[in-house]
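Welcome! Please take a moment to look over the sequence and the 3D structure below, and keep both at hand as you read.

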Amino acid sequence: MKEKQKEETLDPNNWNTMRATAHQMVDDMMDFLQSIDEQPVWKPIPEDVKETYKSTLPHHGQPLEKVYQEFTREILPYYKGNIHPSFWAWVQGTGSPTAAMADMLASSMNSNVTIGEHSAMYIDAQVINWCKEMMGFESSASGLLTSGGSMANFTALAVARSTFTNHQVRFSGLRDLQSQLVVYCSVETHSCVIKSIEVLGIGRDYIRMIPTNDQYMVDTNIMEQHIQADIAAGLQPFCIIANVGTVNTGAIDNLEKIRSLCDQYQLWMHVDGAFGALAKLLPAFQDRLKLIEKADSLVFDLHKWMYMPYEVGCVLFRSSEDHRATFAIEPNYLLKHDQGLAAGPDSLNNFGLELSRGFKALKVWMSIKEQGINKFIRLIQQNVDQIDYLKKLVESHEDLELCAPVTMNVLCFRYAPNGINQEILDEINKEIVMALQVRGIASPSSTILNGRYCIRVAHVNHRSKYTDFDQLIDEVLGIGRELY
Ligand SMILES: Cc1ncc(COP(=O)(O)O)c(C=O)c1O
């Protein structure tokens, strides 16, 4: 008989050493998060550190403790900063210690949450049910946790397209459609929606990007004119995308008007509420966002305004039948059984593009269980109140100006003393944003509104305090004066 070769595994040779290193990692991460406000919000990566990122494929291993030291030396200090109280760039959530630990637990279980009779399948479904409850969707609705808002929007628009063709598009593609599909949304719509429409074969030329009013809300009169013109031209309007929280300014489209256009012209109503939909939990927004419940599909991200660590987004559908009919497929290697591991809930592969899925529901489940949804509601309200405070600070200073109306948690402003021309102001404000980051003070991001460069504060940070906004304003004014 052939001699057996020595067998190997990725488990440690010495579990006690592994345990000690793992404990060290947890201790270090708790220290790191506990003292993050004493660190700069951002710092440049030194060139010699960047060089280490270029080392070639390691053929032989080394002790984990050494690799961990490399991590603490060369990776950890050069974080992005969205864990820091003074980070308000793009729309990037903060994460939390509890959810980080939940990710460790989920990774240890390493559940592939697609198919089978195991706990993670039920927790994933429970989290979707909580999302439906939060957004006022019926219990008969369905949903899917995704990697984020982009994938959630793509999934929603795929279901809209498939449903419109009675799911025939799955078989015959777009070629057999009698006329070209057309989508309507505002010019403020996120680029991931545009990419989704491109990838779904509808094509960018058939997205009507409708202008907005001075509140950055879509002009629904112009939208209706486009719908009518497209019908007259023999095209096939099929979907309106409403924004609840535009990425630039946080504007909310008129949901009532959009629902009635969808009813009148038999269109799918999709809501991109990547961050803004969470405002539905606040009493002050409940009326305005009531009709989210009547959307055919809704997207919102738990890694934005629910402060979960990356990645976790969510898409909900009013019709679970249409959701399922868009993706359901039964290859013979995914057969469902009556008992055993291959029993259990309907495969989540029938509800989306991805087969393998991680246990991202656990961090949501654990965080909501630990804190209660009321705590999240208070935090979201706190962010809205802090942005209102920042608005008052901007308005109270003659050298600062607001660049757009403030609807919820996004504020665009700029340093604009009298008598400086627009081009110079654009340059100064860009310098201010870069200096704030390079000096490690604060990380707002930027955008361009009406052709003007603006400093953009998008607030989904549970660690920020009012004093962090005082500091932001003091520093913007200070740097502005240094520059001009
Ligand atoms: C309104 C809106 N939609 C969609 C997205 C894309 O979400 P994600 O970055 O999670 O893919 C964003 C991201 O900021 C957004 O603000």
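Predicted model: local features only at pLDDT ≥ 70, side-chain atom pairs only at ≥ 80, totals over all residues.

Residues are numbered from 1 along each chain as its sequence is written.

**Two domains**

The domain assignment gives domain 1 (15-42 + 79-96 + 372-484) and domain 2 (111-371); such bounds come from an automatic or database assignment. Their C-alpha centres lie 29 Å apart. Where they meet, 24 residues of domain 1 are in contact with 27 residues of domain 2 (contact: C-beta atoms, placed from the backbone, within 7 Å). On the domain 1 side, α13 (373-395), β10 and β11 (443-449) each give two or more residues, and α13 provides the largest share, seven residues. By class, this side has 13 nonpolar, ten polar and one charged residues. Here Ala, Val, Leu, Ile, Met, Phe, Trp, Tyr, Cys and Pro count as nonpolar, Asp, Glu, Lys and Arg as charged, and the others, Gly among them, as polar. Helices (H or I, at least four residues) and strands (E, at least two) are DSSP runs, numbered from the N terminus.

**An enclosed strand**

Strand β10 (residues 410-415) is largely enclosed by the rest of the structure, because six of its six residues are buried. A residue is buried if 20 or more other C-beta atoms lie within 10 Å of its own, exposed if 12 or fewer, and partly exposed in between. Val410, Cys412 and Arg414 are buried on one side of β10, and Leu411, Phe413 and Tyr415 on the other.

**The nonpolar core**

Which residues touch the most other members of the largest nonpolar core? Among its 125 residues, they are Val183, Ile240 and Ile292. The largest share of this core, eight residues, comes from α6, and the core draws at least three residues from each of domain 1 and domain 2. A nonpolar core is a set of buried Ala, Val, Leu, Ile, Met, Phe, Trp, Tyr and Cys residues joined through C-beta atoms within 7 Å. Leaving aside neighbours within four places in sequence, the contacts of valine 183 include Ile197, Ile202 and Tyr206.

**Around the ligand**

The ligand is surrounded by 15 residues, and the closest are Gly148, Gly149, Ser150, His190 and Ala274 (a residue is near if its C-beta atom, placed from the backbone, lies within 6 Å). Helix α6 (residues 149-164) gives the most to this shell, with three residues. The shell divides into six nonpolar, seven polar and two charged residues.

In helix α12 (residues 361-371), the buried residues are Ala361, Leu362, Lys363, Val364, Trp365 and Ser367. They pack against α4 (97-109), α5 (119-135) and β2 (142-146). Glycine 372, with a positive phi near 80°, follows α12.

Helix α15 (residues 466-483) holds aspartate 468. Why does aspartate 468 count as buried? The reason is its 21 C-beta neighbours inside 10 Å. Leaving aside neighbours within four places in sequence, aspartate 468 is in contact with Pro85 and Ser86.

Key
Contact = placed C-beta atoms within 7 Å.
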